[in-house]
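This report describes how parts of one protein chain meet and what surrounds its ligands. The sequence and structure are shown first.

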Amino acid sequence: MTVLRVVLGDQLSESISSLKDADKANDIILMAEVWDEATYVKHHKKKIAFLFSAMRHFAKELTQAGYRVHYTHFDDHNNRGSLRGEVEGCCELYNINKVVVTHPGEYRVLQDIQQWQQVLKLDVEIKDDLRFLCSQQEFARWAKQRSSLRMEYFYRDMRKKYFILMEGEQPVGGKWNYDAENRQPPKRDLFMPQPCITPLDPTTQDVIQLVAERFPNHFGDLMPFHFAVTREQALQVLQQFIEQRLCLFGDYQDAMLEGEPWMYHSHISFYLNCGLLQPMECIRAAEQAYYNREAPLNSVEGFIRQILGWREYVRGIYWLKMPEYAQQNFFNANRKLPQFYWDADTKMNCMRQCISDTKQNAYAHHIQRLMVLGNFALLAGLSPEQVNNWYLLVYADAYEWVELPNVTGMILFADGGYLASKPYAAGGSYINKMSDYCQHCDYKVTVKNGKSACPFNYLYWDFLARNRGKLASNHRLGMMYKTYDRMSDDKKREIELDAERFLNELR
Ligand code: FAD
Ligand code: DLZ
Ligand code: SF4
């Protein structure tokens, strides 16, 4: 009996469920670089290069470990261009009795795989993706018991389940959450460790050339390229983070500085999401650093919450709510994505910086994605479909299971508050407090109205006023509506006119 074991581009773990019990001498492992996956959105060039290089390295490691790997290169003359086509090709080439694949990360791919059995007339087994710490079934059970979902309670249950930072039934340090100690504004003289730079090897160089030739119209810069592309290199990134950045991760989690795209973040999402790193090993490494007194609790807890809490929570919501989740548009927002999201050509310095960082690195850290790029998309009423498309293609860590809930749920509140309890909306003063962007901006953050005013200031109030019917009952916004109601009619009219003028000028 020969089993075809399909390993997708974001399943690069030797412990992946599709490889469990594999007969190394007999089974065929299929990995394929295909046109359909590289172009279903026009991924950032660096994302394609990263994934193709990581796939090639992983295939080599599997071969060295004794597996029979059928690897389709992008430019192979008989490449059929789709995952299904490649599976069909393998079934014709080898005497395959059964296909095994691990549950994919995207609904779109799952739908396709669910048709393979009928097309191939072979048994197709879809195994659970055991790399996640909360299964889809477990999350569904958790969600069913609650009238509204909140990440914080999910996260506490996960801490208890895996006994992470726990003393008996209680959280270490007596609190579940150290946010109050985190989120400090950046200091101008803040020492900034350099991100981990992995040197280019011949495989990555080949792939970079391929992407430059075959995807010239895709967004983003290919060089400089310093992503890890093997598990060993990804482990070095993790280790460097634990040793050099974790200690101040909490303090500067929300800080932004011009020309400093990496800050004290870990830069491991690329590797976690494609399988080079496992979530639990990252969590345990951080926890151990706390017990070794190498990092303080506020940082360690904050970092663990992102992986054990947010990452699992958004994945749970994605699979619980798809396919309807992709259609959510609570505010009926339909404004086209402005051109500056592609070329960074805007007078708003915060947007210019975050888009330029994204273009160069296929990375922006969380608060840039949330409170600058996302905040603007929310306040300006940009179309959820277009905003989702942008986030899915510009970041090297983007797959729909994690991108869609963050965009639709977290930044756009397009699910009406299923994921988050209130919209993450803010005026310019928040950006000014947490960054140095406003110091080099054509707009004035302290000015509230008129042509020189920071657009976030009037867009914020205009957003609340425009959507009052849908938001007024949200008790977390009560104070803001009271403040708005105390404004004079002239002031309110000024806000409306400024917002109208600014939004009409967007191209
Ligand atoms: P760190 O700040 O060091 O955090 C550590 C890890 O925690 C991350 O690597 C990530 O695995 C996890 N994490 C943190 N926040 C989240 C979150 N909100 N959701 C899921 N995991 C989280 N993350 C992605 O992996 N892919 C995406 O496509 C993606 N799109 C996003 C879109 C928007 C609008 C927003 C607001 C957030 C998005 N995130 C996404 C979450 C987060 O911004 C990135 O995970 C993080 O910036 C990656 O950088 P890092 O590894 O340095 O993270
Ligand atoms: C993102 C991506 C890209 C760019 N290319 C491939 C590819 O050529 N082959 C492949 O198997 N996967 C690729 N991926 C990842 C998939 O598009 C998809 O996101 C995941 O498999 C999740 O279902
Ligand atoms: Fe952004 Fe406003 Fe600050 Fe300019 S003044 S950087 S637009 S927040």
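How many residue pairs are in polar contact across the interface of domain 2 and domain 3? In this predicted model, 11 residue pairs meet the rule for polar contact across that interface, with both residues of each pair at pLDDT 80 or more. Salt bridges between domain 2 and domain 3 number 0.

## Domain assignment

The protein chain is assigned domain 1 (3-127), domain 2 (136-193 + 245-316) and domain 3 (340-505).

Between the C-alpha centres of domain 2 and domain 3 the distance is 25 Å. Their contact involves 28 residues from domain 2 and 33 residues from domain 3.

## The interface of domain 2 and domain 3

About 2600 Å² is buried between domain 2 and domain 3, and carbon and sulfur atoms account for 61% of it. On the domain 2 side, the residues that lose the most area to domain 3 are M256, E258 and V314; together they make up 28% of what that side buries.

Two helices, α10 (269-274) and α12 (297-321), are the elements that give two or more residues to the side of domain 2 that touches domain 3. Of the elements, α12 gives the most to this side, with 5 residues. Sorted by class, the side of domain 2 that touches domain 3 comprises 14 nonpolar, 7 polar and 7 charged residues. Charged residues are therefore present on this side under the class scheme used, while the count of salt bridges between the two domains is 0.

Ligand 1 has 29 residues around it, of which H265, S266, H267, N273 and Y363 come nearest.

Polar side-chain atoms approach oxygen atoms of ligand 1 in several places. For N273 the distance from a polar side-chain atom to a ligand 1 oxygen is 2.8 Å, and for Y363 the corresponding distance is 2.7 Å. In H366, an N or O atom of the side chain is 2.9 Å from an oxygen atom of ligand 1.

Which residues lie around ligand 3? They are M348, C350, G428, I431, Y437, C438, C441, Y443, V445, C454 and F456. By class, this shell holds 10 nonpolar residues, 1 polar residue and no charged residues.

Definitions and conventions:
Residues numbered from 1 in each chain as written. Chains lettered and ligands numbered in written order. Predicted model: local features only at pLDDT ≥ 70, side-chain atom pairs only at ≥ 80, totals over all residues. Heavy atoms only, no water. Domains from an automatic or database assignment. Contact = heavy atoms within 4.5 Å. Buried area = accessible area lost by both parts, 1.4 Å probe. Salt bridge = Lys/Arg side-chain N within 4 Å of Asp/Glu carboxyl O. Polar contact = N/O pair within 3.5 Å; in protein donor to acceptor, adjacent residues only side chain to side chain. Helix = DSSP H or I, 4+ residues; strand = E, 2+ residues; numbered from the N terminus. Near = heavy atom within 4 Å.
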